[in-house]
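Dear colleague,

I am passing on the structure below, together with some notes on its pockets and its nonpolar core. Please read the notes with the structure open beside them.

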Amino acid sequence: KQWYQRRVREQGERMFSKALLYVLIATLLHIAFINTGWFDRVTAELGYEMYAERVDSVPFLPFPMPMNTLINFGYTLAGLAWLSTFSKSNDFWGESFCWYSIFYSLIQLARIVYQTQRTAVLDQWITTTIFCHVTLWITSLPSDGIVTRSLRSCNRGAILIVSFLSYFLSLYSDIGFDIALGIHMLIAVRAGYEAHQARGSAQSGAVFGKAVLCCLGFVVLKLADLPLRDYWTPNCLSGHFLSKICDVGQIYYAAELVYVLNGNFASFRQHFARD
């Protein structure tokens with residue numbers, strides 16, 4: 001009985017962890033700002049005509065753009081795949097990254113199904129936040145690259161605030177979000193490369209390569225969604241759908257990269273401790 005009660009308590013603590021609370025508060029903060037109406041004039045893709053997949057591409061499924069709808073649950077699977085691992089190791093940044101992935105699944109689903117301005121803005125804004133989060137997570141690993149040194153010299157809270165405010169660029173330019181996201185992505189990729197170079201292995205190099213390829217696929221296939229429509233026969237397998245597969249992949253491989261690098265650094269420290 002005592003063992004069972006302890007397990008229930010541990011599961012409860014894990015379920016209502018600091019990481020989950022952090023992600024929940026951050027998401028609610030985004031929603032609160034969006035509901036002020038300030039971002040109702042931000043440029044966002046709205047309407048099913050903005051996607052190559054037809055609304056009824058799979059007739060026997062009762063929801064719009066079935067493939068682009070169903071793929072959103074991939075984010076939940078990617079988050080759940082690593083949640084237990086990082087939770088057991090008390091990795092706050094890793095655990096919260098997994099929760100972000102799970103929340104992102106619901107945000108993406110809401111955007112596809114409802115096609116409203118505010119769900120689109122939330123989707124865009126959370127995307128930049130997740131890239132900032134994974135960058136800070138990677139820079140917690142031993143590394144001496146220029147990006148890592150620069151970010152470590154700053155307060156993490158200040159970096160998160162700057163990242164949060166970067167979305168305000170979308171109020172002043174139609175490509176403001178694209179600029180903010182592009183910068184976030186480049187910094188994240190560079191941070192991952194520096195961490196791998198510091199004490200990586202062939203395994204971490206392979207994982208890093210997969211993450212970068214997924215990142216490129218996410219961008220290129222999303223931009224090519226409508227142009228591909230005239231050349232791509234299976235309508236349900238649109239460029240946007242394939243880009244989401246890449247997006248789920250880059251989340252999974254980003255988590256795997258940190259996991260592999262953590263093992264490399266631990267082995268490296270143990271080796272020198274024995275010497």
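The lining of the second largest pocket, sorted by class, comprises 11 nonpolar and four polar residues, with no charged residues. Please keep in mind here and below that this is a predicted model. The space in this second largest pocket comes to about 280 Å³, and of the 15 residues that line it, Ile159, Val162, Ser163, His184 and Ile187 are the closest to its centre. Two or more lining residues of the second largest pocket come from each of α6, α8 (156-166) and α9.

The largest pocket has a volume of about 590 Å³, and its lining, when divided by class, holds 12 nonpolar, six polar and eight charged residues. Of the 26 residues that line the largest pocket, those nearest its centre are Glu45, Phe177, Asp178, Lys222 and Leu223. At least two residues of this lining are supplied by each of α5 (92-114), α6 (117-138), α9 (176-199), α10 (202-223), α11 (225-228) and α12 (239-274), and α9, with five residues, gives the most.

With best regards

Definitions and conventions. Residues numbered from 1 in each chain as written. Predicted model: local features only at pLDDT ≥ 70, side-chain atom pairs only at ≥ 80, totals over all residues. Heavy atoms only, no water. 1 Å grid on protein atoms, 1.4 Å probe; cavity = no way out; pocket = protein on both sides within 12 Å on 5 of 7 lines; lining within 4 Å. Points joined across faces, edges and corners; volume = space filled by probe spheres on them. Helix = DSSP H or I, 4+ residues; strand = E, 2+ residues; numbered from the N terminus. Nonpolar A, V, L, I, M, F, W, Y, C, P; charged D, E, K, R; others polar.
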